[in-house]
Amino acid sequence: QRGFDQKIDYVFKVVLIGDSAVGKSQLLSRFTRNEFNIDSKATIGVEFQTKTLLIDHKSVKAQIWDTAGQERGAVGAMLVYDITKRQSFDHVAKWLEELRGHADKNIVIMLVGNKSDLASLRAVPIEDAKEFAQRESLFFMETSALEATNVESAFLTVVTEIYRVIS
Ligand code: GDP
Ligand code: MG
């Protein structure tokens, strides 16, 4: 990363959405600070974190919101469920409706099955999620905020795709 005086070419608003306790806050802290907190508290109030990425020689600042109800103006979204909680996957359709109703119409959405490290407790087959993502034209990845698996890749894919759409 360059210094504090760097020029920012783009700012993209990205939202994290999904049931409570699926790991949204931990995905965000893993991506922006490379931190994971085992006893993370429920998120209270309006919070966002930023991370600046270099894409195609442009500096792109991802402004990532970790609070429901911040969808307005978002050009990207991480729709997160917990692979060990079937209910959190069953609620994905409802969250998608919420997103499509309030965010930018060209919003780039990544369906994220988090906690892939808990494979022995899996309650959502990867095929179910893939099928849903394909039907709804979403990107899809399984991640582990705990083990830092695919976290960078999931956010990078979304930001790069937003860049591709608008440039
Ligand atoms: P949020 O309510 O969606 O923001 O969820 P949190 O980020 O607060 O995480 C809820 C709980 O799940 C916390 O106890 C986290 O430590 C745990 N957690 C989050 N991500 C992972 C992960 O990838 N693997 C495992 N095993 N636990 C996780
Ligand atoms: Mg949270």
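The following legends describe views of a predicted model.

**Figure 1. Overall fold of the chain.** The chain contains five helices and six strands. Read from the N terminus, its elements follow the order β-α-β-β-β-α-α-β-α-β-α. The C-alpha trace extends over about 45 × 35 × 30 Å along its principal axes. The radius of gyration of the chain is 15 Å, in agreement with the value near 15 Å for a compact globule, because the chain has 167 residues. Of these 167 residues, 38% are buried. Among contacts with a separation of 6 or more, 73% join residues 24 or more positions apart.

**Figure 2. The largest nonpolar core.** This core holds 41 residues, of which Leu16, Ala77, Met78, Leu79, Met110 and Val158 touch the most other members. Two or more residues each are supplied by the strands β1 (10-17), β3 (58-65), β4 (76-82), β5 (108-114) and β6 (139-142), and by the helices α1 (24-33), α3 (92-102) and α5 (151-166). The greatest contribution to this core is that of α5, which provides seven residues.

**Figure 3. Surroundings of Met78.** Met78 is one of the residues that touch the most other members of the largest nonpolar core. When residues up to four places away in sequence are left out, the contacts of Met78 are Val14, Leu16, Leu27, Met110, Val112, Ala154 and Val158. Leu16, Met110 and Val158, also in contact with Met78, are likewise listed among the core residues that touch the most other members.

**Figure 4. Helix α1 and its cover.** Helix α1 is mostly covered, with seven of its ten residues buried. The buried positions are Lys24, Ser25, Gln26, Leu27, Leu28, Arg30 and Phe31. Elements that cover these residues include the strands β1, β2 (48-55), β3, β4 and β5, together with the helix α5. Leu27, buried in α1, is also a contact of Met78. Beyond the helix, α1 is followed by Asn34, which has a positive phi near 55 degrees.

Definitions and conventions:
Residues numbered from 1 in each chain as written. Chains lettered and ligands numbered in written order. Predicted model: local features only at pLDDT ≥ 70, side-chain atom pairs only at ≥ 80, totals over all residues. Core = buried A, V, L, I, M, F, W, Y, C linked by C-beta atoms within 7 Å. Buried ≥ 20, exposed ≤ 12 C-beta atoms within 10 Å, placed from the backbone. Helix = DSSP H or I, 4+ residues; strand = E, 2+ residues; numbered from the N terminus. Contact = placed C-beta atoms within 7 Å. Rg over C-alpha atoms; globule rule 2.2 N^0.38 Å.
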